[in-house]
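Here are my notes for you on this structure, as numbered points. Keep the picture open while you read.

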Amino acid sequence: MAVDSLLKTIKFTFPMIVVSVNGKVVPRSEFGTTTIEDNDEVKVLHLVAGG
Amino acid sequence: MSTKDIQKMRQAHKVLAEFDYELGEVEKGYANRTLYVNLSDNAIASKPVTQQMKDVFTGGRGFGLWLLWHGVTGDTKWNDPENEIVISSGPIGGTTQYPGAGKSLVVSISPTTHSVIDSNVGGHFGPLLKFAGWDALEIQGQAEKDVIVFIDGNEGKVTIEEATEEAVDTHLIGEQMVEMFAQTDREKRDISTVSAGSGAEHALIGCLNFSWYDVRRKSARFKQAGRGGIGTVLRDKKIKALVVKYGGGKGTANNPADRERISKVGTRINQEIHDYDAVQNRMRNVGTPYLVKIMDDYDLLPVHNFKFGSHPQAGKITGDVWEKRFTQGLPDGCWLGCTMSCSHAVDGYVLQTGPYKGQTVIVDGPEYETIAGCGSSCGIFDPDALLEINFYCDTYGLDTISFGTSTAFVMECYEAGILNREITGGLELNFGNADAALELLHQMGRGKGFGAIVGQGIRRMKQIFAEEYGGDPQFMQDIGMEAKGLEYSEYVTKESLAQQGGYGLASKGPQHDEAWLIFMDMVNNQLPTFEDKAEALHYFPMWRTWFGLCGLCKLPWNDISPPDNAETDEPAKMPEHVQNYVELFSGVTGREVTKEDLILMSERVYNFQRVFNLKMGFGTREHDAIPYRSVGPVTVEEYESRAERYDQQLQELVGLDPEGKTTEEKMAALRAYREEQYELLIDAVYKRRGWTPNGIPTPETLKQLHIDFPDVVEVVKRNIG
């Protein structure tokens, strides 16, 4: 599944989101083309904003 | 409103006091004096800003608290003449080369908390006040009849003028003051007004409106110092308006020590906003309403008095809806040079209700807090109803957050049977009844009917509903979203212990400007231990307090992100922007500082404010208590709406197998666990902050921070036991 599909599935819609796959940050422009494989370590960081 | 009407109003003025002063220049961000006005004695005086004030209190909220501390005693009530309203910008306030540098900070003794409140606000008043010659305006006393205080920064004159003919409601008096004090069209942009409204005369949740003149729309626009009822204090003092006029060049008037240095960081962030806002939070097109969809997606949007975090109809009031209603293509900042430009307005709105029904007006907003508080929390998903509520709250001088959270409380009480149509005067205050909510608002404006009771705020309503209507005090304590007497702002904190602390431990009451940790905690899981949460509840409140010392808006700090922010060690802190602010402070004041120095500036003021609370009879652990609705599910309906989540937590965190247990049994077990967690969090935070287990800054902490003034130490020693 591509990164952007994952984010859509888990409803992580926050615009300022940082995704790393296996320790490597994925640029936003590559969310649609970066695929997540089984057993990959995916971290998602929401940059605090709000209020 | 004709020129003749304005002339008639001005001719009816009676000048009660006049004060001439020498115009000066701002030096490195400071005018070096504050203006004192006493409405009981009709006295006006200048007070010097000392080096100690700058070193210890920096400016803005710091100056305000220092002046207020000396103006009141521990027994001063909000409506005693000795209560003060102090307005101050800060050394960076008035800068035009960096976005978000026009904020004012206001302090007073609050009608709902009975302690010191601080509230920040955009608009032009603070910067123009400084350029007119004053780092702060300190108002004490109470006039006999309605007055205007006019500060003429072109002539060097301050007057107190009895003003009987002007309107009280902000959308009218804002225009009247522009017409009255501007000699030409060009001068209209030199005027800024502080006003409240008729609602603030009757309710305790009054707000202040700070204006700026929108040259494109040819109209006054307004931002609000919403929290804590300072608008009520303004009207209690019989002030119709505070007006400042300054016609000099504003781009350079702050006279920074090193203009090139601040231009450099300003250029960088302006480019960043230009390049990335459209693909990040879209503040320039949408503003804070962008948050509505996100909060709904993450189950954090207050729905039905914070019972739930999302609603199927939320899509009717999300950012995309507002983008279509806001006039686009007009750069819309609330201070000059702000490229974030997140103020938005709906032009040409025709009012459907109330005393101004049929008038075509500009509605400033709504912001996220208004949409969530007056909208989803009340079950209202009609944009037009929200525009109507927004407009009338502003013009009546009522805080939309307190109005919304109070109305949501009343709606739940109505649905729970504590209130009925007989009590409410026929209003069916079910969730979703926008017409009833609007009628409450108009009643607050008139000071009549059930609305007049709602305008007292939640803390007072809980007492009234228990004593007069037999409401269950424990139930109302659990669902009444207030702490310290201030109504909650609009985020659901049940699943974020850190944010429960962010609200519960905030000096003024549950306002999110101190800390917004929900995502770091609940979504990113970056704060797994109590110590992690305590560290965040030290750093972020201190960091965010700093903006209020300097005259800055915090949105350009973290509502825009440099493209490489993710690669930094602590991306949540936005390190490049933190360094921008170091450069900005050093560049304006000429004082070389580090990022650690900025935190120290805040620690001084923050701890001073904690002791101020103590002076007023609060400021200890018991006052950091929060309602259970902010911690966990109060009702069976709430528990069962998220049963899977709560059952899993019971199993994993509490070690209780939910199988075979009733919902009530499960709720009791979860409650005991969560309430204990909050107490453990408070222990960790107090320790980190250098406070006693009862939440009092120790004498050693005061000394370290150089706020060990004899009268401050005396308050602490009297209470420390």
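This is a predicted model: local features need pLDDT of at least 70, side-chain atom pairs count only at pLDDT 80 or more; totals for chains, interfaces and linings use all residues.

1. Let's begin with two helices. In chain B, helix α11 (residues 368-375) and helix α12 (residues 383-396) have axes that come within 10 Å and cross at roughly 110 degrees. That makes α11(B) roughly perpendicular to α12(B); angles of 65 to 115 degrees get that name, under 35 is roughly parallel, over 145 roughly antiparallel, and the rest oblique. Axes here are lines fitted to C-alpha atoms, for helices over the stretch in contact, with angles running from 0 to 180 degrees between N-to-C directions. Helices (H or I, at least four residues) and strands (E, at least two) are DSSP runs, numbered from the N terminus.

2. Who does the touching? On the α11(B) side of the contact you'll find T370(B), I371(B), C374(B) and G375(B), and on the α12(B) side L386(B), I389(B) and N390(B). A contact needs C-beta atoms, placed from the backbone, within 7 Å of each other. By class, the residues of this contact are 4 nonpolar, 3 polar and no charged. For those classes, Ala, Val, Leu, Ile, Met, Phe, Trp, Tyr, Cys and Pro count as nonpolar, Asp, Glu, Lys and Arg as charged, and the others, Gly among them, as polar.

3. Residues are numbered from 1 along each chain as its sequence is written, and chains are lettered from A and ligands numbered from 1 in the order in which they are written. Chain B averages a pLDDT (the predictor's confidence in each residue, from 0 to 100) of 96, with 100% of the residues at 70 or above. The model scores are ipTM 0.78 and pTM 0.97.

4. Now the sheet. Chain B has an open sheet of 7 strands with mixed pairing, in the order β1-β9-β8-β13-β10-β11-β12. Strands pair if DSSP finds at least two bridges between them. At the edges sit β1 (14-20) and β12 (219-225) of chain B, each pairing on one side only. From one strand to the next, the twist averages 20 degrees. Helix α4 (residues 125-132) of chain B packs on this sheet and touches β8, β10, β11 and β13 of chain B.

5. Look at β10(B) in particular. Strand β10 (residues 191-195) of chain B is largely enclosed by the rest of the structure, because 5 of its 5 residues are buried. Buried means 20 or more other C-beta atoms within 10 Å of a residue's own, exposed means 12 or fewer, and partly exposed lies in between; C-beta atoms are placed from the backbone. I191(B), T193(B) and S195(B) point one way, S192(B) and V194(B) the other. β10(B) pairs antiparallel with β13(B) (residues 239-245) over 4 bridges, where T193(B) stands opposite V243(B). With β11(B) (residues 208-214), β10(B) pairs antiparallel over 2 bridges, and there S195(B) has N209(B) as its bridge partner.

6. Last, the neighbouring chain. How many residues of chain B are in contact with chain A? There are 21, meeting 14 residues of chain A. α9 (291-297) of chain B gives the most to this side, with 4 residues. The chain B side has 9 nonpolar, 7 polar and 5 charged residues.

Terms used:
Two residues are in contact if their C-beta atoms, placed from the backbone, lie within 7 Å.
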